[in-house]
Amino acid sequence: MIPTNEPLLAGKERQYVLDCLESGWISSAGSYIEQFERNWAGYCGMAQGIAVSNGTTALQVAVDALKLGPGDEVIMPSFTIISCALAVVRAGAKPVLVDCDPFTYCMDLDQTAAAVTSRTKAIMPIHMYGHPVDMDVIQDLAEKHDLAIIEDAAQAHGCEYHSRRGGNNAWRRCGGLGTISTFSFFANKLVTTGEGGMVLASDPVLAERSRSLRNLCFQPRRFFHEELGYNFRLTNLQAAIGVAQVERMDDILARKRHMGARYNEGLAGVQGLQLPMQRDWARINYWMYAVLVDEGRGMKAEDLALALKKKNIETRPFFLGMHQQPVFHEMGLFRDQKLPVTERIYRQGLYLPSGLAITDDQTSEVIGAMREILS
Ligand SMILES: *Cc1c(COP(=O)(O)O)cnc(C)c1O
C-alpha cells in the first residue's frame with residue numbers, strides 16, 4: 001500500500017533526541033524548546049514562538065490570548081479542520097462561516113468582507129493544503145475594522161505570499177502574516193515533532209499571554225493565579241526533533257515541490273481532473289496534493305478513492321464543512337447555512353499520497369493508476 005503520508009526523519013533528529021535522553025532534559029524545560037521556538041519564529045518572520053502540544057491547542061491559546069469570548073464573532077472558512085471552529089466555540093465566541101474559493105480552497109474574500117459586523121473581533125484565514133490566502137485583502141479588512149488576524153498556517157510551512165500592501169513588494173512567509181499565527185507539527189505536516197504545535201506573535205503582550213496560558217497561567221508569584229490557563233506544554237524531546245526538522249527546511253520544501261511537479265506533469269491533461277493551482281502571488285508547498293474530480297464525470301471522490309484503494313493506493317477525502325457538522329447543529333449553529341463550493345468540493349475532492357518519504361516510483365505508480373481509472 002502506498003500510504004497517504006509517511007514522515008521523513010533524515011537529519012539530526014536521532015542525535016538530538018539522544019542528547020535529551022543522555023542529559024536528562026526530557027520534560028518541557030530544556031534548550032531544544034527555546035531553540036525550536038527561536039528558529040521557527042525567525043524562519044517565519046515573527047518575533048516570538050511559543051511551543052505547545054499540538055495545532056489544536058495552539059489555536060485555543062491564540063483565541064484566548066486575544067481574549068475572545070461571548071458576544072464576539074470570528075470569521076473563518078467552513079472548509080477546514082474542526083480545530084479552528086472548536087477553539088472559537090470553546091472560548092464562548094461565535095464562528096461565522098464563509099464559503100471557499102473553488103480553486104485555492106481558501107476562504108472566499110468577498111464573503112469575508114460581507115460577513116463583518118459590529119461584533120466581529122477577528123478573522124481566521126487558513127492556507128488550505130498549502131496555498132496561501134490573499135493576505136493583503138485580509139489585512140486591509142482587519143485594519144479598516146480594527147480586527148485581529150488569527151493566521152492558521154498549520155498546512156503552510158515554508159509557503160510564501162507576495163505582499164504589495166502599503167507600498168511593499170516582498171515575498172513573506174506564511175505564519176508571519178497575522179496578528180497571531182499558529183502551526184501544527186503533527187506527523188503529516190511539513191515539519192513534524194510527532195505531536196506538536198506553535199503560536200507565533202510579534203506583539204510582546206500577546207506572546208507573553210500565550211506563554212502564560214500554555215503553562216497554567218503561573219504568575220511570578222508561584223501558585224498565585226489571576227486567570228485560568230492550560231497545560232499545553234511541548235517536551236524537550238519533541239522540540240529536539242523539531243530543531244532537526246527546521247534545519248532541513250530547504251530540503252523538505254524541495255522534496256515537496258519535486259513531488260508536486262511530478263504529479264502536475266503526470267496528471268496534466270486528464271479530463272475532468274482539477275489539479276492544485278498556484279496564484280501569481282503565492283508559492284505553495286504541496287502539503288497535500290489535492291485533486292478535484294469534475295462533477296460532469298459522474299464520479300465522486302469516494303468512487304475514485306475506492307478504485308485507487310483496489311490498486312493499493314491510499315487517499316484521504318476533503319474536509320466536511322463546519323456548517324455540515326452534526327456537533328454544531330446540535331448546538332444550534334449553522335443549521336440552515338448553505339455553502340455550495342464547500343459542499344461540492346467535499347463530494348469531489350481527495351488528496352493523493354503526498355508524504356515526504358514518497359519516492360519517484362511511487363508517484364509514477366499513482367499517476368499510472370489515476371490515468372487508468374480516469375481514462
Ligand atoms: C493539522 C491542522 C490543525 C490541527 O493540528 P493538530 O496538531 O492535529 O492538533 C489545525 N489547523 C489546520 C489547518 C490543520 O491542518
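A residue counts as near a molecule or strand if one of its heavy atoms lies within 4 Å of it. The model is predicted: local features need pLDDT of at least 70, side-chain atom pairs count only at pLDDT 80 or more, and totals for chains, interfaces and linings use all residues. Residues are numbered from 1 along each chain as its sequence is written, and side-chain values use heavy atoms, without hydrogens and water.

**Ligand site**

The ligand has 13 residues around it; G55, T56, D152, S184 and K189 come nearest. Helix α3 (residues 55–65) gives the largest share of this shell, three residues. Helices are DSSP runs of H or I with at least four residues, strands are E runs of at least two, and both are numbered from the N terminus.

The table lists polar contacts, pairs of N or O atoms within 3.5 Å.

| Side chain | Ligand atom | Distance |
|---|---|---|
| N54 | oxygen | 3.4 Å |
| T56 | oxygen | 2.6 Å |
| Q155 | oxygen | 2.8 Å |

Taken alone, the ligand exposes 380 Å², and the protein buries 91% of that. Accessible areas come from the Shrake-Rupley method with a 1.4 Å probe; for residues, only the protein chains shown count as cover.

**Hairpin**

Strands β6 (residues 160–163) and β7 (residues 170–173) run antiparallel, joined by four bridges. Pairing requires at least two DSSP bridges between two strands. H162 stands opposite W171 in β7. Six residues separate the strands of this hairpin, and G166 in the turn has a positive phi of about 55 degrees.

**Helix α11**

V327 lies in helix α11 (residues 326–330). V327 is partly exposed, at 44% relative accessible area; that class lies between buried (under 20%) and exposed (over 50%).

Key. Buried means under 20% relative accessible area, exposed over 50%, partly exposed in between (1.4 Å probe, protein chains only). A polar contact is a pair of N or O atoms within 3.5 Å; within protein, one must be able to donate a hydrogen and the other to accept it, and residues adjacent in sequence count only if both atoms are side-chain atoms.
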